[in-house]
Amino acid sequence: MRTPLLAANWKMHKTVPDAVGFVTAFAPRVAAVTDADIVLAPPFTALAAVADACRNSRVAVAGQNLHWASQGAFTGEIGAGMLVDAGATHVILGHSERRQLFGEDDAVVARKTRAAIDAGLTPIVCVGETLDQREAGETLTVLGRQLEGSLAGVTPAEIAALVVAYEPVWAIGTGRTATPDQAQDAHAHIRRRLAEIGGDEAADRCRLLYGGSVKPANAEAIGGQTDVDGALVGGASLDPGSFAEIVDAARRAAL
Ligand code: PEP
């Protein structure tokens, strides 16, 4: 049985006071939640403050990216050990915005995944097809290629412990959501590919999140699919009430 995981990707939003204010409102709202894992990914500048604010709760904290080197002459970059130092336990890697806007390819994501695991962070590795790729019937091929490339060199035990987020690019920030069936088809394929890469047990234990315009109104239907183990939420995670409703919906779906 996989514990549902709800992760909030705040992207480039929230100052330190905004981020701490979110936790002040959100943490009591989910204080009694023991049947789901919750992760907040603030911008780097708010990581330590959010980790501090979450200290007496079950809410964990993630970076939104990292550099594969532990330190060095990489102006503007942050290493995995620095995320750990700031209180992060997870890190989002290979988000489609990183892939599309900052030129990250699967080989880069693989190096980052290795650095995250070696530092003791849980990677949330994102994959997803563009609208053109979906319309060309290439969705499953693209997902397989991204998974194989992004998880190159990762052991079965490491696959079991990490998280994969399926985020169709056409559904991110667009208000267009994959239907529950589309999400399930993609997730089932991802799990099959994970089994080919790391074996059945690793694939069965690995949590698969859906991401792309998840909202309180659609979270239960999507979360109720067999191979959907939670959600990676952008826009609707910026408001504590809305994200708490998504947590509740995902828990209902897992019953
Ligand atoms: C995301 O960026 O990871 C995301 C899923 O965004 P949104 O929920 O806004 O579509």
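R207 sits in strand β7, which covers residues 207-211; strands here are DSSP runs of E with at least two residues, helices are runs of H or I with at least four, and both are numbered from the N terminus. This is a predicted model, so to speak: local features need pLDDT of at least 70, side-chain atom pairs count only at pLDDT 80 or more, and totals for chains, interfaces and linings use all residues. Residues are numbered from 1 along each chain as its sequence is written, and side-chain values use heavy atoms, with hydrogens and water left out.

Back to R207: its relative accessible area is 17%, so R207 is buried (under 20% is buried, over 50% exposed, in between partly exposed; 1.4 Å probe, protein chains only). Beyond its neighbours within four places in sequence, R207 has contacts (heavy atoms within 4.5 Å) that include R2, D37, L162 and D229.

Now for H95, in the loop between β4 (90-93) and α4 (96-101). H95 has 5% relative accessibility and therefore counts as buried. Its side chain makes a polar contact of 3.2 Å with that of E167. A polar contact is a pair of N or O atoms within 3.5 Å; within protein, one must be able to donate a hydrogen and the other to accept it, and residues adjacent in sequence count only if both atoms are side-chain atoms. Leaving out neighbours within four places in sequence, H95 also touches N9, K11, C126 and I172.

On to the ligand. Of the 14 residues around it, K11, H95, E167, G173 and S213 come nearest (being near takes a heavy atom within 4 Å).

| Residue | Distance from its polar backbone atom to a ligand oxygen |
|---|---|
| G173 | 2.7 Å |
| S213 | 2.8 Å |

Finally, helix α5. Its 13 residues (106-118) should span 18 Å at 1.5 Å a residue, and the end C-alpha atoms are 18 Å apart, so the two agree; the expected span is 1.5 Å times one less than the number of residues. Among the buried residues of α5 are D106, V109, K112 and I117. Cover for the buried residues includes α3 (80-86), β5 (122-127) and α7 (139-150). After α5 comes G120, with a positive phi near 90°.
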